[in-house]
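Morning, everyone. Please have the sequence and the model open.

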Amino acid sequence: MKKILLVCIMIMSMLASACGNVEMTSNPNTSSEPKPEADESVIPKNTTEYCDDVFTTLDSETEKSFYGTWKVEKLLGFANSYNDASEYPTGQKIIGDEFIIKKDFFSSKGLKNYNDYQHELKNPLYRLNFICYNTGSFYRLFKTDPDALNININDKVKYIVINDSSTKLGIPLSFFIVNNDRLILLLEATNFELKKITD
């Protein structure tokens with residue numbers, strides 16, 4: 001009986017020792033191997049939950065990015081709240097049309113197929129309404145998939161509206177400036193990539 005008890009104790013001791021070794025080697029916190037670094041682009045630098053309401057005139061940096069003659073290059077997509085695919089399934093009626101955006105003059109007369117969007121304003125009022133610092137805050141405000149607009153997690157997006165200086169009323173188109181590098185036209189709930197032709 002003593003021999004059987006001694007054998008059982010030895011087996012239990014060996015099993016306990018083996019379990020302890022397995023636990024030690026499988027614990028990632030005790031590993032001596034270097035941990036892979038996290039991809040910086042997927043970690044928000046600014047974790048602001050909401051876009052800033054700025055409601056101000058354009059600063060010089062934004063003006064430099066915004067002013068110029070622009071051509072509608074391609075359809076990017078639709079806001080999630082409203083899909084205007086019946087009107088703009090591929091953007092075919094607007095691709096190639098042009099805008100003129102200057103400090104003292106705005107013209108969207110180049111949108112030949114859409115009378116409602118054709119405006120010509122002397123001394124327009126350009127207003128920077130919102131600045132979003134990450135894709136989460138952008139989506140929360142605009143209900144538009146940032147991936148569809150090629151907006152990355154840490155991109156800074158400014159939302160600009162245009163008002164007629166004589167009536168103070170807004171016109172039915174607006175813009176997103178991404179990192180002072182790209183301009184996106186917003187027609188109601190439809191987004192188009194613009195390409196600068198001239199400054």
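Rings of Phe, Tyr and Trp (its six-membered ring) pair if their centres lie within 6.5 Å; planes under 30 degrees apart count as stacked, over 60 as edge-to-face and the rest as tilted. Two notes on sources. This is a predicted model, with local features needing pLDDT of at least 70, side-chain atom pairs counting only at pLDDT 80 or more, and totals for chains, interfaces and linings using all residues. Residues are numbered from 1 along each chain as its sequence is written, and side-chain values use heavy atoms, with hydrogens and water left out.

How many aromatic pairs does the rule give? The count is 15. Take Phe 66 and Phe 175. Their ring centres are 5.4 Å apart and the planes sit at 75°, so this pair is edge-to-face. Phe 66 belongs to helix H2 (residues 60-66) and Phe 175 to strand E8 (residues 170-178), so the pair ties together parts 109 residues apart in sequence. Helices here are DSSP runs of H or I, at least four residues, and strands are runs of E, at least two, numbered from the N terminus. Buried or exposed? Both Phe 66 and Phe 175 are buried. Buried means under 20% relative accessible area, exposed over 50%, partly exposed in between (1.4 Å probe, protein chains only).

Next, Tyr 159 and Phe 176. That aromatic pair is tilted, at 5.6 Å centre to centre with 45° between the planes. Tyr 159 is in strand E7 (residues 157-163) and Phe 176 in strand E8, 17 residues apart. Tyr 159 counts as buried at 15% relative accessibility. Phe 176 does too, at 1%.

Which cluster do ring pairs build? They link Phe 55, Phe 130, Phe 138, Phe 142, Tyr 159 and Phe 176.

Now the fold. The protein chain has three helices and 10 strands. From the N terminus, the order is α-β-α-β-β-β-β-β-α-β-β-β-β. Of its 199 residues, 36% are buried.

Last, the cysteines. There is one disulfide, taken as a pair of cysteine sulfur atoms within 2.5 Å. Cys 51 is joined to Cys 132, S to S 1.9 Å. The torsion about the S-S bond is about 100°, so the disulfide is right-handed. Cys 51 sits in the loop between helix H1 (2-26) and strand E1 (52-56), while Cys 132 is in strand E6 (residues 125-132), 81 residues apart. Cys 51 is buried, with a relative accessible area of 10%. Cys 132 counts as buried at 1%.
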